[in-house]
Amino acid sequence: MQNTERVSSAERAALPVDELQRIARQVRARIISNSHKTQTPHLGSCLSCVDILVAAYFHTLRIDPRNPTDVERDRFILSKGHGAPALFQVLAMRGFYAESMLDAYGEDGGVFAEHPPTPDHLPGIEAATGSLGHGLPIGLGMALSARLQKRNYNVIALLSDGECNEGSVWEAAMMAGAQQPGNLVAVIDFNKWQATGRSEQVLALGPLADKWRAFGWDAHEIDGHDMGALVDVLTKYPSGSGKPVAIVAHTVKGKGVSFMEDDNNWHYRIPTADEVSAAYKELGVVA
Amino acid sequence: MRNAFADEITKLGSADPRVVLLSGDIGNKLFDKFKQNAEGRFFNCGVAEANMMGVAAGMALSGMRPVIYTITPFTTTRCFEQIRVDACYHNVPVIIVGTGSGMSYAELGPTHHSCEDLAILRTLPNMTVLAPADEVELRLCLRAALKINGPVYMRIGKKGEPIVHKNGAALEIGHSINVRAGGDVCLISTGTMLPVVMKAADMLAERNIAARVESFPTVKPLDQEILQEVFSRYPVIASIEEHSRIGGLGSSIAEWLAAQDNMKGRLVTFGTDDEFMHEVGSQDYARRKYGLTAENISQKVFAALDKSAR
């Protein structure tokens with residue numbers, strides 16, 4: 001529709017795996033220190049999806065931070081909006097805005113809330129989320145638009161396992177099953193916890209990959225902290241098979257810091273200064 | 001009205017490749033021409049309205065112009081949060097059409113009635129709220145809505161509504177349409193009540209009361225200019241809507257009126273009662289039950305005018 005003649009500058013960063021792992025450690029350290037500084041919760045949920053975000057933004061997504069509204073860009077929607085503290089760090093490091101902007105995190109009148117703002121308020125954001133179950137339907141609309149507009153961008157929506165409680169996730173899954181947008185990818189950050197309990201016990205979540213298959217999707221299970229596997233699966237899919245793709249990424253809530261891993265207290269707990277130092281030491285990041 | 005909608009959206013969809021029509025599994029055959037003329041741009045989203053709203057917002061964020069069509073409660077109360085977050089918070093051009101609004105589907109029972117939609121949708125920031133009176137207003141509303149760069153809600157009737165604007169009309173979003181001149185009292189109608197209100201004006205004329213009639217196809221933004229004028233001029237102004245008296249056009253005018261200084265006019269509101277209609281009945285039955293008839297409107301307005309003169 002618009003800008004059809006302009007050549008897109010959106011491209012993959014395609015950084016090597018060891019570099020992605022280094023960035024992921026940095027992101028984790030920054031999220032933890034920011035949580036302490038700004039008293040922002042959801043640390044466990046942020047740490048479980050860091051590797052997925054880094055693989056997407058620093059390897060796979062065809063984007064240009066200098067031109068965040070490029071019509072040909074790949075779209076990434078953080079459907080689990082409470083992972084915003086992780087996304088804000090990643091977008092800054094990728095160059096969508098100055099890292100110094102994050103100094104104003106959580107300040108009155110600022111833009112960095114606990115959930116992503118609307119796209120017109122922060123470059124790099126594709127959809128304002130925070131209420132769960134919204135990102136996949138929006139992503140489906142974007143994916144179908146690419147078909148109508150004869151563009152070849154891909155759309156990735158990152159969901160949490162708890163989010164899969166929402167009926168709208170499965171409404172979108174069914175419509176995608178019918179429409180078969182091959183450019184749509186749902187990544188489920190399967191950290192086995194939701195806010196107040198084990199996600200397989202609160203509601204009957206499993207068998208998660210089979211559920212997506214039953215809804216007409218290609219589904220793959222991977223270790224969501226294996227950077228090589230993440231890069232491999234995100235690059236290989238969408239494959240053009242025509243089917244939407246679900247990637248069930250097995251993750252650990254609080255990943256990267258021994259005393260936070262798989263401890264659901266860190267859904268809401270804020271680290272002390274000592275805990276921040278200990279976390280930095282474990283991550284091998286200099287404060 | 002729904003046939004006029006189908007016809008108009010087909011014309012608009014043929015002319016503008018951004019127009020996409022999303023249906024919640026209704027309108028079988030109704031949109032055959034749209035499907036032919038706008039190939040690939042019709043999506044039956046099934047009975048899954050929350051997803052449909054999100055899909056529409058995603059399309060609008062990608063430069064398309066989605067239009068959602070389904071039965072009113074299912075495209076409003078059912079997926080209110082998706083309207084609020086996906087369409088209004090993002091401030092994207094999604095047009096939401098609620099068919100069979102008010103008591104159009106009276107026979108189907110309260111699950112299919114919609115007397116709350118204007119109330120809840122006008123609370124949403126960025127939302128424009130439209131309620132055309134007949135197919136002439138509907139076509140004009142739809143055309144105007146496609147030019148708005150934000151979310152629009154439009155409630156329409158079902159089929160066979162009489163045409164009031166037989167010689168056409170000019171419509172601008174946010175402005176009322178004068179349908180009848182009169183110096184004694186002013187009747188403000190929104191949506192498909194207009195033919196009834198015109199008849200009420202006839203009945204008032206028989207009692208030597210000259211009623212001015214204004215049609216309000218736009219409920220939000222409210223036409224404050226015309227309200228200023230009529231409340232300065234007339235002793236009695238009546239609002240008539242097939243919607244609860246809580247939160248609709250009448251409430252909206254009352255909110256405005258409460259903030260004004262020294263207005264001459266007094267507001268009388270007509271709408272449905274604060275209850276679910278449990279008994280079976282047609283749309284006409286429902287209108288009679290809630291006093292939305294020309295007889296009742298003219299009588300109450302006459303009484304209010306009489307009281308104001310004393």
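In this predicted model, chains A and B meet through 25 residues of chain B that are in contact with 22 residues of chain A. On the chain B side, helix H3 (49–61) and helix H5 (80–89) each supply at least two residues. H3(B) gives the largest share of that side, with nine residues. Sorted by class, the side of chain B that touches chain A holds twelve nonpolar, nine polar and four charged residues.

Now for chain B itself. Its domain assignment gives domain 1, residues 2–155, and domain 2, residues 177–309. Taken over C-alpha atoms, the centres of these two domains of chain B are 27 Å apart. Where they touch, 23 residues of domain 1 are in contact with 28 residues of domain 2. The elements giving two or more residues to the domain 1 side are helix H6 (117–121), strand E5 (128–130) and helix H7 (135–145) of chain B. E5(B) brings the largest share here, three residues.

What about the inside? The largest nonpolar core has 178 residues, and those with the most contacts inside it are Val54(A), Ile68(B), Leu187(B) and Val197(B). The element that gives the most to this core is helix H2 (residues 43–60) of chain A, with twelve residues. Domain 1 (2–155) and domain 2 (177–309) of chain B both give residues to the core too, so it lies between them.

Leu187(B) is a handy place to look around. Which residues does Leu187(B) touch, leaving aside its neighbours within four places in sequence? They are Val197(B), Ala200(B), Ala201(B), Ala211(B), Val213(B), Ala238(B) and Ile240(B).

Further along chain B, strand E11 (residues 236–244) and strand E12 (residues 266–272) pair in the parallel sense over six bridges. To get from E11(B) to E12(B), the chain crosses through helix H10 (residues 249–258) of chain B, and this β-α-β crossover is right-handed. One spot to check by eye is Ser239(B), which stands opposite Thr269(B) in E12(B).

Over in chain A, have a look at helix H3 (residues 84–94), which is mostly covered, with nine of its eleven residues buried. Among the buried residues of H3(A) are Pro85(A), Leu87(A), Phe88(A), Gln89(A) and Val90(A). What do the buried residues of H3(A) pack against? They pack against helix H1 (17–38), H2 and strand E1 (75–78) of chain A. Just after H3(A), Gly95(A) takes a positive phi of about 100°.

Helix H1 of chain A is also where you'll find Ile32(A). Is Ile32(A) buried or exposed? Ile32(A) has 29 other C-beta atoms within 10 Å, so it is buried, since 20 or more are needed for that label. Leaving aside neighbours within four places in sequence, Ile32(A) is in contact with Leu43(A), Pro271(A), Val276(A) and Ala279(A). Ile32(A) and Ile270(A) are 238 residues apart in sequence, but 8.6 Å apart in space, C-alpha to C-alpha.

How values were computed. Residues are numbered from 1 along each chain as its sequence is written. Chains are lettered from A and ligands numbered from 1 in the order in which they are written. This is a predicted model: local features need pLDDT of at least 70, side-chain atom pairs count only at pLDDT 80 or more; totals for chains, interfaces and linings use all residues. Two strands pair if DSSP finds at least two bridges between them. Helices (H or I, at least four residues) and strands (E, at least two) are DSSP runs, numbered from the N terminus. A crossover is right-handed if, with the strands pointing away from the viewer, the path from the first strand over the helix to the second runs clockwise. Domain bounds come from an automatic or database domain assignment. Two residues are in contact if their C-beta atoms, placed from the backbone, lie within 7 Å. A nonpolar core is a set of buried Ala, Val, Leu, Ile, Met, Phe, Trp, Tyr and Cys residues joined through C-beta atoms within 7 Å. A residue is buried if 20 or more other C-beta atoms lie within 10 Å of its own, exposed if 12 or fewer, and partly exposed in between; C-beta atoms are placed from the backbone. Ala, Val, Leu, Ile, Met, Phe, Trp, Tyr, Cys and Pro count as nonpolar, Asp, Glu, Lys and Arg as charged, and the others, Gly among them, as polar.
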